[in-house]
Amino acid sequence: MPFLVRLDGLAIRGKMDLYSGDPPLLLDWKTGERVRAKEYEVQVAVYLAALRALKLPAPDHGKLVYVDAEQIVDVPEKPVAPLIEAFK
């Protein structure tokens with residue numbers, strides 16, 4: 001799902017791999033054998049903040065689907081304001 005939002009004055013554009021609002025679900029597909037969920041915490045945080053900014057139902061976490069490793073990892077929501085501030 002493509003999106004364009006303004007978070008704390010910063011325009012952010014992106015594309016979520018899979019979003020469903022009922023029930024709220026956010027999935028992002030990853031390839032490769034190594035599971036590196038920590039590296040994608042910022043990406044998931046921005047996606048969840050974007051859903052809220054668009055006034056769409058948002059889950060309290062995203063899921064990374066590692067296709068090659070056949071593993072699904074929950075990534076909890078983290079505050080996005082400090083991340084946005086770093087880019088201003």
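## Ground rules

Residue numbers start from 1 along each chain as its sequence is written. Since the model is predicted, local features need pLDDT of at least 70 and side-chain atom pairs count only at pLDDT 80 or more, while totals for chains, interfaces and linings use all residues, and side-chain values use heavy atoms, leaving out hydrogens and water.

## Overall fold

Here you have two helices and six strands, in the order β-β-β-β-α-β-β-α. Helices are DSSP runs of H or I with at least four residues, strands are runs of E with at least two, and both are numbered from the N terminus. The C-alpha trace spans about 40 × 30 × 20 Å along its principal axes.

## Inside and outside

Of the 88 residues, 36% are buried (under 20% relative accessible area; exposed is over 50%, partly exposed in between, with a 1.4 Å probe and protein chains only).

Most residues other than glycine have a negative phi, and most peptide bonds are trans.

The bond from Asp-22 to Pro-23 is cis, with omega near -5°. Pro-23 sits in the loop between strand S3 (18-21) and strand S4 (24-30).

Asp-8 has a positive phi, near 50°. You'll find Asp-8 in the loop between strand S1 (2-7) and strand S2 (10-15), partly exposed at 46% relative accessible area.

Glu-70 has a positive phi near 50° too, and lies in the loop between strand S5 (61-66) and strand S6 (71-76). Glu-70 counts as exposed, at 74% relative accessibility.
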